[in-house]
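Please look over the sequence and the model shown here before reading the numbered points of this note.

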Amino acid sequence: MPLLPPPGSTAQRTRRLAARIDGSTDARIDRLVGIIEQQGKQMAELASHVGLLVQAVALLLGEEAGAPVQDEGAEPERVDLDGNPY
């Protein structure tokens, strides 16, 4: 039978404290990983919104400049170098 230190010994308290610290460290890491994943999803969603805003602004600026706005999927008008359709 191995010799164990008395219940209140420094070695036993140190082991219990180390086990508690390991557990709390793991929990903190898990919590931080979860937060980082959530922020990544939020950033992806925000990037999507920014892309839509950029498209809208480009469309509005094109309309203000007098550039014709084409429907999505429509074939662009074919013109020669002078701008004459063919």
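1. The model is a predicted one, in which local features need pLDDT of at least 70, side-chain atom pairs count only at pLDDT 80 or more, and totals for chains, interfaces and linings use all residues. Residues are numbered from 1 along each chain as its sequence is written, and side-chain values use heavy atoms, with hydrogens and water left out.

2. The secondary structure of the chain comes to one helix and zero strands, where helices (H or I, at least four residues) and strands (E, at least two) are DSSP runs numbered from the N terminus. The 55 residues of H1 should span 81 Å at 1.5 Å a residue, and the 79 Å between its end C-alpha atoms agrees with this; the expected span is 1.5 Å times one less than the number of residues.

3. Leucine 32 lies in helix H1, which covers residues 10-64, and leucine 32 is exposed, with a relative accessible area of 51%. Buried residues make up 1% of the 86 residues in the chain (buried means under 20% relative accessible area, exposed over 50%, partly exposed in between, with a 1.4 Å probe and protein chains only).
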